[in-house]
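User: I am new to this structure and would like to learn how to read a few of its features. Could you take me through them one at a time?

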Amino acid sequence: MASLPARTRYRYSLGSFVTGPFGTVPGLLLLKYLTDTMGVAAGVAGLIVFVPKAWDVLFNPIAGRLSDADMVRTGSRRRFLLFGGIGVSILFAALFAHPGFGGPVPDAIYVVVIFLLCATAYAFFQVPFNALPAELTDSADERTKLTSIRIGFLAVAILICGGGAPAITELIGGVAGYRVMGVFIAVIILLATLGVYFGLKDAPVGALRPNTVSPRELLRTLAQWRPFRWLLGVYFVQALGIGTVLAAIPFFAERILGSSGYSTLLFVGFVGPALLTMPLWPKLGASVGKLVGFRLATAAFGIGLFGLLGAKVFSLPVTMVFVAFCGVGYAGISVFPLAILPDLISDEEERTGETRAGVAAGVWTASETLGLALGPGIWGLVLQFGGYQSSLGADAAQPDSALTAILLGASILPAVLILFGIPLLRKSVLERRS
């Protein structure tokens, strides 16, 4: 099973139109939705964004074990993909429906409950989705190709959804804008789910190894699997930085650049270069090695973020150059960990003779989810400490301390988090042994 048909690569990659919107839009808009339409205090809003996803740290590994068991029993993970994706679609629309229960507290409780259910449904999609590359092919080169196409689709999904979502809310305005946006994103998620489910009907699967089922076995696996833990650490801290950036964009656009309409410009300026350079990173990795490429991408992202510190004095075109640097780096730090992960899974399965793909995908997804959830949570605390004033109409005047917090929190803070990945990318731990 050394080569994959092109149709399998593209059909699998349609799943990025589920993972991209869910991973991007709530982190981009949910906190501002809470503070500026429901009047929820920034610190509380950050906690609301964090809690529902954080519980996946416990649940995603369980979803991985269930996915492994179902694959052994039925020979496929497609059923999990279907029901998980449909659940995400329905609950995503509900998340931004804003039922208006009469006050910030009941409205916030509604958001917490729906987001918790949506995150649970997402686990049942994302976990088997992340597990599949290690089973679709035995070839590391084929996995890199598969990952690069998947990330390319992800960049398009993020461009469409991350750029379109704030544009819709800005164009329509108010609560109605968020409702229309929620339905728009939900339809995209549903269509992508159906595309993956039916598209992978005849796709190959890996050898059916004995399933890891007990929590004790799960903990033993993670304790002994040092390369996975090391890569997971890099991925988590950088997901934390990305989560902070996403939450900062609408505040940065409105309060630092001067218009909420710049949110779409910032997002397109970030994702556009990522999309253009996405195919180049695997080629660089093939030439200089995946870890070296990973380090270079991390450095590019960090430089771009530090450059945003000058946004108050730079012209808009200069600021957008640094935004583009962020996008180029983001493309690389998206490609390389997902290209390295299947190699580590394959090595561990060969060493132990047991299924590790679902367990690894569950823990991996939990780490990503926690990082992307903690980012907005940290951002909410940044706003709270800066004295940000929440309101029901996004028109409250902000003190200078809040503006300073937004500027530093959108540049220096995520830059430090992203660059912290460099010392963790150790060749002695992560480079595949021949």
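Analyst: The model is predicted. Not counting residues up to four places away in sequence, Leu190 touches Ile86 and Ser89.

User: Where does Leu190 sit?

Analyst: Leu190 belongs to helix α9, residues 174-199.

User: Is Leu190 buried or partly exposed?

Analyst: Burial is judged from relative accessible area, and buried means under 20%. Leu190 has 31% relative accessibility, so Leu190 counts as partly exposed.

User: What should I check in a helix such as α5?

Analyst: Start with length. At 1.5 Å a residue, the 18 residues of α5 should span 26 Å, and the end C-alpha atoms are 25 Å apart, which agrees. Then look at how covered the helix is. In α5, 13 of the 18 residues are buried, so by the under-20% cut-off the helix is mostly covered.

User: How do α2 and α5 pack?

Analyst: For a helix pair, read the angle and the distance between the axes. Helix α2 (residues 16-37) and helix α5 (residues 78-95) pack at an angle of about 15°, and their axes are 12 Å apart. The two helices are therefore roughly parallel to each other. Their crossing is left-handed.

User: Which residues make the contact of α2 with α5?

Analyst: From α2 come Pro21, Phe22, Val25, Pro26, Leu30 and Tyr33, and from α5 come Val88, Phe92 and Leu95. Sorted by class, this contact has 9 nonpolar residues, no polar ones and no charged ones.

User: At what angle do the axes of α11 and α17 cross?

Analyst: The axes of helix α11 (residues 226-255) and helix α17 (residues 400-409) cross at roughly 135° and come within 9 Å. That makes α11 and α17 oblique to each other. The crossing is left-handed.

User: What does the contact between α11 and α17 consist of?

Analyst: Helix α11 contributes Thr244, Phe251, Phe252 and Arg255, while α17 contributes Leu403, Ile406, Leu407 and Gly409. By class, the contact has 5 nonpolar, 2 polar and 1 charged residues.

User: What can a backbone angle tell me?

Analyst: Most residues other than glycine have a negative phi. His98 has a phi near 45°, a positive value in a residue other than glycine. His98 lies in the loop between α5 and α6 (104-131). With 8% relative accessibility, His98 counts as buried.

User: How should I read Ala415?

Analyst: Take position, burial and contacts in turn. Ala415 is in helix α18, residues 412-419. Its relative accessible area is 0%, and Ala415 is therefore buried. Leaving aside neighbours within four places in sequence, Ala415 is in contact with Gly302, Leu305 and Phe306. The C-alpha atoms of Ala415 and Gln238 are separated by 9.4 Å, while the residues are 177 apart along the chain.

User: How far apart in space are Ala167 and Ser263?

Analyst: Compare the separation in sequence with the distance in space. Ala167 and Ser263 are 96 residues apart in sequence and 7.9 Å apart, C-alpha to C-alpha. Ala167 is found in helix α8, residues 140-172. With a relative accessible area of 32%, Ala167 is partly exposed.

Conventions. Residues are numbered from 1 along each chain as its sequence is written. This is a predicted model: local features need pLDDT of at least 70, side-chain atom pairs count only at pLDDT 80 or more; totals for chains, interfaces and linings use all residues. Side-chain values use heavy atoms; hydrogens and water are left out. Axes are lines fitted to C-alpha atoms, for helices over the stretch in contact, and angles run from 0 to 180 degrees between N-to-C directions. Helices (H or I, at least four residues) and strands (E, at least two) are DSSP runs, numbered from the N terminus. Angles under 35 degrees count as roughly parallel, over 145 as roughly antiparallel, 65 to 115 as roughly perpendicular and the rest as oblique. A crossing is left-handed if the near helix is turned anticlockwise from the far one by less than a right angle, and right-handed if clockwise. Contact means heavy atoms within 4.5 Å. Ala, Val, Leu, Ile, Met, Phe, Trp, Tyr, Cys and Pro count as nonpolar, Asp, Glu, Lys and Arg as charged, and the others, Gly among them, as polar. Buried means under 20% relative accessible area, exposed over 50%, partly exposed in between (1.4 Å probe, protein chains only). The expected span of a helix is 1.5 Å times one less than its number of residues.
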